Amino acid sequence: MQLKDVLGLETVQVLVEEWAKATGNQAVLTDTEGNLLAGEGVASENKTAVMCDSTCLGYVSAAVKEEETPADVSGLARVIGKMATDAMAKAAEASKRDHLHAIIEEASADIAKINEITKNLDKIEKNQKILALNASIEAARAGEAGRGFAIVATDVSALATDFGNNNRQIKDELDKLNSVMASIEKA
């Protein structure tokens, strides 16, 4: 990674220009491959690394003219390094936020799919209750011969009721999850 990738050339150029205005000395900023990023003139052989954590992103050196003692550029290197570190931390934080947002969207989509499934389960419950009702009617018509059929109809009705209760519990939990997801998205 190079300094220009972290801060951008305009920012780096402004820093070097402001340093020159403040100190009256010119500086040259190069990347790790020696390519000029900012400043004018010939760089002194004495260069200070611009560090971001333990990574060297470039070098700052004083621009020198003949028979002139190079200025100390270590302060400028520290400032640029600090800015690069801050910029990388902000980029990392933005990346984490983007990743979290993607996870939240995926979870929300999964919740929406489960909501659709519970709607289908509502239809199944309704059909089970109709089936149980029809079975009860047919058992009553059959009289004494339909007594066993009536027991099955009662069991199917109870099963439909349990099924519906479980489905409502799932919906309640999904509503809670939707509320949590909405709160997370707002945060």
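Close-up 1. E18 is partly exposed, at 44% relative accessible area (buried is under 20%, exposed over 50%, partly exposed in between; 1.4 Å probe, protein chains only). In this predicted model, local features need pLDDT of at least 70 and side-chain atom pairs pLDDT 80 or more, whereas totals for chains, interfaces and linings use all residues. Residues are numbered from 1 along each chain as its sequence is written, and side-chain values use heavy atoms, leaving out hydrogens and water. K21 forms a salt bridge with E18, their closest N and O atoms lying 3.5 Å apart (a side-chain nitrogen of Lys or Arg within 4 Å of a carboxyl oxygen of Asp or Glu). Both residues belong to helix α2 (residues 9-23), three residues apart (helices are DSSP runs of H or I, at least four residues, numbered from the N terminus). K21 is exposed, at 63% relative accessibility.

**Close-up 2. The salt bridge between E125 and R168.** The side chains of E125 and R168 meet at 3.7 Å, N to O. Because E125 lies in helix α3 and R168 in helix α4, the pair ties together parts that are 43 residues apart in sequence. E125 is buried, at 7% relative accessible area, while R168 is partly exposed, at 38%.

Close-up 3. E173 pairs with K176, the closest N and O atoms being 3.2 Å apart. The two residues are three apart in helix α4, about one turn of the helix. E173 is partly exposed, with a relative accessible area of 45%.
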